[in-house]
Amino acid sequence: MNEMTNFTDVRLFYTKTGSAKYISHLDVMRAFQRALKRSKIDFWYTEGFHPHLYLTFALPLSLGYESVCETVDFRLVSPMPYDEIVGRIGAVLPAGFKAVSAAKPVMDAKKIRFADYSIFFSVPGKDPEEVLAEWYRCFSRENVPVIKKTKRGENEIDIKPHIKLSKLEHRDGRFGFKARLAAGTELNINPELLFEAFRNYSGLLPEDISVKRTAVYNEKMEKFR
């Protein structure tokens, strides 16, 4: 067999919660590199002058967000039971990370089109009914324009066709809703854009925002696996 194909691809599913949400994607990569080395698993390394672990993260998570559906792909020199992989890696991951399961990669990360989020926030000093009414008026408009920043600069886009929001609810002093947003390499709608649109429209200033990614899908609405 050709040496370049003599490996086993594995996709690890993990969660990133609690204090781990403040770890940047770059530091997440470093944390996994250290953890994988400590796991004593025989991983495949790239070839050349600077060999390194082959790691691929499907959809990098924004700083400050939690997630229960993160993935990282890597390669093994030889097969190993998935439960053993999960156990070894899970034992050495930093606090806030939890290895959940492992499997052979099925979908290409380039096929990701949507992501689900559970989002909460507060608006201190404002009547909840006023906030609920302004939220409804904001997102029931025909167009919801925002400025989206990219590596190429800033562009105004209409996020209305790319978002699906559940009813905003108020409970125990906080507002909460679920959102399905466009995600992936072609178009990625960050939850922060929802709040930018709301601030620009209403003048209200949401605080204590918490975001948790709960699922990722392809264009057929099949969960990423």
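1. Start with the largest pocket: there's about 530 Å³ of space in it. Keep in mind that this is a predicted model. Its lining runs to 20 residues, and those nearest the centre are Lys148, Lys149, Thr150, Gly184 and Asn188.

2. Which strand gives the largest share of that lining? Strand β6 (residues 145-150) does, with three residues. In make-up, the lining of the largest pocket splits into seven nonpolar, seven polar and six charged residues.

3. Next, the helix packing. Helix α3 (residues 128-139) and helix α4 (residues 191-202) have axes that come within 10 Å and cross at roughly 105 degrees. Anything from 65 to 115 degrees counts as roughly perpendicular, so that is the label for α3 against α4.

4. On the α3 side, the contact is made by Val131, Glu134, Trp135, Arg137, Cys138 and Phe139. From α4 come Leu194, Phe195, Ala197, Phe198, Tyr201 and Ser202. Sorted by type, the residues of the contact between α3 and α4 are nine nonpolar, one polar and two charged.

5. On to the aromatics: the count comes to 16 aromatic pairs. Take Trp44 and Tyr54 as one to look at: the ring centres sit 6.1 Å apart with the planes at 75 degrees. Since planes over 60 degrees apart count as edge-to-face, the Trp44 and Tyr54 pair is edge-to-face.

6. Where do Trp44 and Tyr54 lie in the chain? Trp44 is in the loop between α1 (25-38) and β2 (56-57), and Tyr54 is also in the loop between α1 and β2, with the two residues 10 residues apart.

Key:
Residues are numbered from 1 along each chain as its sequence is written. This is a predicted model: local features need pLDDT of at least 70, side-chain atom pairs count only at pLDDT 80 or more; totals for chains, interfaces and linings use all residues. Side-chain values use heavy atoms; hydrogens and water are left out. On a 1 Å grid over the protein atoms alone, a cavity is a set of points where a 1.4 Å probe fits but cannot get out, and a pocket is an open set with protein on both sides within 12 Å along at least five of seven lines; lining residues have an atom within 4 Å of a point. Grid points are joined across faces, edges and corners, and a volume is the space filled by probe spheres set on the points. Helices (H or I, at least four residues) and strands (E, at least two) are DSSP runs, numbered from the N terminus. Ala, Val, Leu, Ile, Met, Phe, Trp, Tyr, Cys and Pro count as nonpolar, Asp, Glu, Lys and Arg as charged, and the others, Gly among them, as polar. Axes are lines fitted to C-alpha atoms, for helices over the stretch in contact, and angles run from 0 to 180 degrees between N-to-C directions. Angles under 35 degrees count as roughly parallel, over 145 as roughly antiparallel, 65 to 115 as roughly perpendicular and the rest as oblique. Contact means heavy atoms within 4.5 Å. Rings of Phe, Tyr and Trp (its six-membered ring) pair if their centres lie within 6.5 Å; planes under 30 degrees apart count as stacked, over 60 as edge-to-face and the rest as tilted.
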